[in-house]
Amino acid sequence: MALVVLASASGAPGVTTTALGLARRWPRPVVLVDADPVGGSPVLAGLFQGAVAHPDAMVQLVLAQREGRLGEALPTSLLVLEGTNASVLVGPRSHVQAGSLRELWRPLAVELRALEASGQDVIIDAGRLGMAHSATALVESADLALLVCGSGLPELSAARQWGLAWAEAAAAGTGAGTVGCVVVGPGRPYGLREVAKAVGLPGFGSVCWDPRAAARVSRGEKVSGRALGRWHRSLDALGTAIRSAASAQDPSTVLEEA
């Protein structure tokens, strides 16, 4: 089982949509954690179109942590995504709340590990890196941390500093166990290998550029199954690479095929 973090640098497209798309396509039980410090829950506002009240799950978990019952409270804080193997831990209501979550991230990482040990994978959407109150402890605790990048020069310029920092932390044993990058929209204008070289991280895969298909997840819009096909196939290929790398003795053996 795997604990996977997805995060982005300034200007990168689609980290939340990619994380949610992966979770919805995941072939076994998975928990999606919204740890974006910006708040506002794009899952509730987009996929559920505001029809589900914000549960303030993170605030409740902070209170549970202070009372020594975080492990008990976590499973009851998850929102089930009907028709999938996924459930969601909804993030903070606003960026103001994110400051109070600093004490939560590290003990939450421990409890997420317990979920992983019980047979559930965990995908964490850490949002944009470098924000105040970012969930750094979750990134450091991950089996696999993936930097989600666009393929243009502005996005790569922003991502490179994080790629180098992640690679150094992984080598020193102070970061995620394995690090890599994912390209959203390869060929606009650079491909996966070029992006991986530019940001200094192994390339794990790419998600095709398809705003209509992404809108199905990010905004709850109705899109035909046929229109979703190519986007879903790219997500499925990425998910396979992630699961293989997370369980491999040598993750680099998987990457040449990703």
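Mentor: The discussion below sets computed values against the cut-offs that give them their names. Please bear in mind that this is a predicted model.

Trainee: How many helices and strands does the protein chain have, and what share of its residues is buried?

Mentor: The chain comes to 12 helices and eight strands. Of its 258 residues, 54% are buried. The accessible surface is about 11,400 Å², and carbon and sulfur atoms account for 51% of that area.

Trainee: Why is Met58 called buried?

Mentor: The relative accessible area of Met58 is 1%. Buried means under 20%, so Met58 is buried. This residue is placed in helix 3, residues 57–66.

Trainee: What makes Val33 and Trp105 contacts of Met58?

Mentor: A contact requires heavy atoms within 4.5 Å. Not counting residues up to four places away in sequence, Met58 touches Val33 and Trp105, and also others including Asp34, Leu89 and Pro92.

Trainee: Which residues of the largest nonpolar core touch the most other members?

Mentor: That core has 49 residues, and those touching the most other members are Val33, Leu89, Trp105, Leu112, Ile124 and Trp166. Helix 6, residues 102–117, gives the most to this core, with six residues. Apart from it lies another core of 34 residues, among them Leu81, Ala86, Val217 and Leu238. In soluble globular proteins, nonpolar side chains tend to be buried together.

Trainee: Why is the pair of Asp121 and Arg28 called a salt bridge?

Mentor: The closest N and O atoms of Asp121 and Arg28 are 2.5 Å apart. The cut-off is 4 Å between a side-chain nitrogen of Lys or Arg and a carboxyl oxygen of Asp or Glu, so the pair qualifies. Asp121 belongs to strand 5 (residues 121–128), and Arg28 to the loop between helix 1 (15–25) and strand 2 (30–34), 93 residues apart.

Trainee: Are Asp121 and Arg28 buried, partly exposed or exposed, and how do you know?

Mentor: Asp121 has a relative accessible area of 0% and is therefore buried. Arg28, at 27%, lies between the limits of 20% and 50%, so Arg28 counts as partly exposed.

Trainee: What makes Arg66 and Glu103 a salt bridge, and which helices do they join?

Mentor: Their closest N and O atoms are 3.0 Å apart, and the limit is 4 Å, so the label applies. Arg66 lies in helix 3 and Glu103 in helix 6, so the pair ties together parts that are 37 residues apart in sequence. Arg66, at 54%, is over the 50% limit and therefore exposed. Glu103, at 38%, counts as partly exposed.

Trainee: How many salt bridges does the structure hold?

Mentor: The structure holds six. One of them joins Glu140 and Arg106, at 3.1 Å from N to O. Glu140 is in helix 7 (residues 136–141) and Arg106 in helix 6, 34 residues apart.

Trainee: How do you know that the charged end of Arg188 sits over the ring of Trp209?

Mentor: The charged end of Arg188 is 4.0 Å from the ring centre of Trp209. The distance limit is 6 Å, and the charge must also lie within 35 degrees of the ring normal. The charged end of Arg243 likewise sits over the ring of Trp26, 4.5 Å from its centre.

Technical notes: Residues are numbered from 1 along each chain as its sequence is written. This is a predicted model: local features need pLDDT of at least 70, side-chain atom pairs count only at pLDDT 80 or more; totals for chains, interfaces and linings use all residues. Side-chain values use heavy atoms; hydrogens and water are left out. Helices (H or I, at least four residues) and strands (E, at least two) are DSSP runs, numbered from the N terminus. Buried means under 20% relative accessible area, exposed over 50%, partly exposed in between (1.4 Å probe, protein chains only). A nonpolar core is a set of buried Ala, Val, Leu, Ile, Met, Phe, Trp, Tyr and Cys residues joined through side-chain atoms within 4.5 Å. Accessible areas come from the Shrake-Rupley method with a 1.4 Å probe; for residues, only the protein chains shown count as cover.
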